Amino acid sequence: MPSAAPTRWTPPSGHRAGWAEVSVIHGPGGRSVVGRAYATSPLRLLTPDNAGHAAWVYTSSFGGGLVDGDHQVLNIHVCPGATAWVSTQASTKVYRSIRGTSTQVHARVEPGACLVLAPDPVVCFASSRYRQVQNIELAAGASLVLVDWLTSGRHVSGERWAFEEYHAQVRVRQDGRLIVHDALALRAVDGALEPRLGRWNILGTVVLLGSAVQNAAAEIAAQVARDPVVRRADQIVTATVVGDGCLLRIAGTSVERVASTVRTHLRFVRRLLGDDPWARKW
């Protein structure tokens with residue numbers, strides 16, 4: 001029998017479009033399964049089968065991205081002992097917007113559970129406005145792998161750091177204590193973005209916390225500390241020890257190169273899931 005009933009949320013009054021919730025439970029045979037998945041248009045939740053023991057969940061959008069006025073909310077509940085991989089079907093595209101767009105992710109990870117939250121990068125088109133908030137609550141004994149990254153936009157089409165505004169905030173509480181509060185604000189009103197960002201085309205953050213990832217986090221932090229600093233390198237990686245994990249920051253000139261670096265550092269994720277979700281991507 002499943003170990004716990006999934007949490008259920010109710011959309012706030014007036015908020016119907018772009019609302020989604022998913023709960024993952026520890027099911028029979030040691031496999032994690034989706035106990036509940038609910039979404040309102042334009043959001044969709046896809047729950048494909050896989051060869052591992054974790055439940056896989058992908059978000060998708062009927063419109064192919066966020067258009068002016070879109071505000072999406074995703075609620076995730078990982079029940080005790082369960083393991084969940086949550087990602088996106090493709091990059092999050094943010095189209096030109098006057099009123100702005102936003103995404104909120106709220107997650108609760110119960111004791112002995114693990115959440116791997118690894119969406120594809122956010123791609124802000126020219127003249128777009130986007131805000132993102134991710135609030136993660138880890139119970140004692142819960143673990144987290146979180147990837148959050150942003151590209152310069154459609155730079156091959158001449159749109160490089162051409163958006164109007166980007167705000168992103170990650171807050172992670174562990175057993176009630178605030179462990180990570182990371183924020184990034186890029187606004188054209190403060191000065192042209194392209195000269196300020198220089199040669200970088202992608203910025204990324206990876207958060208690792210909890211007993212299931214503690215050893216891997218320590219190894220990553222040690223490896224990054226050993227890597228030599230190369231003048232005018234096409235990628236910079238830094239690691240900061242945070243509690244029983246670490247916070248990784250990456251700036252790069254190539255999305256493909258940064259994606260490869262993230263995948264290399266997170267190669268232990270396959271062991272957590274029992275299957276490799278990146279084998280069909282990148």
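1. A charge is taken to sit over a ring if NZ of Lys or CZ of Arg is within 6 Å of the ring centre and within 35 degrees of the ring normal. In this predicted model, arginine 154 lies over the face of phenylalanine 125, at 4.0 Å from the ring centre. The charged end of arginine 44 likewise sits over the ring of phenylalanine 62, 4.8 Å from its centre.

2. The model is predicted, with local features requiring pLDDT of at least 70 and side-chain atom pairs pLDDT 80 or more, while totals for chains, interfaces and linings use all residues. Residues are numbered from 1 along each chain as its sequence is written, and side-chain values use heavy atoms, without hydrogens and water.

3. Five aromatic pairs are found in the whole structure (ring centres of Phe, Tyr and Trp, the last by its six-membered ring, within 6.5 Å; planes under 30 degrees apart are stacked, over 60 edge-to-face, the rest tilted). Tryptophan 85 and tryptophan 278 pair edge-to-face, at 5.3 Å centre to centre and 85° between the planes. Both are buried (under 20% relative accessible area; exposed is over 50%, partly exposed in between; 1.4 Å probe, protein chains only).

4. Tyrosine 95 and phenylalanine 125 also form an edge-to-face pair, with 4.9 Å between centres and 80° between planes. Tyrosine 95 is partly exposed at 26% relative accessibility, whereas phenylalanine 125 is buried at 9%.

5. The count of disulfides (cysteine sulfur atoms within 2.5 Å) is zero. The sulfur of cysteine 79 is too far for a bond, because the closest cysteine sulfur, in cysteine 114, is 14 Å away. Cysteine 79 is buried, at 0% relative accessibility.
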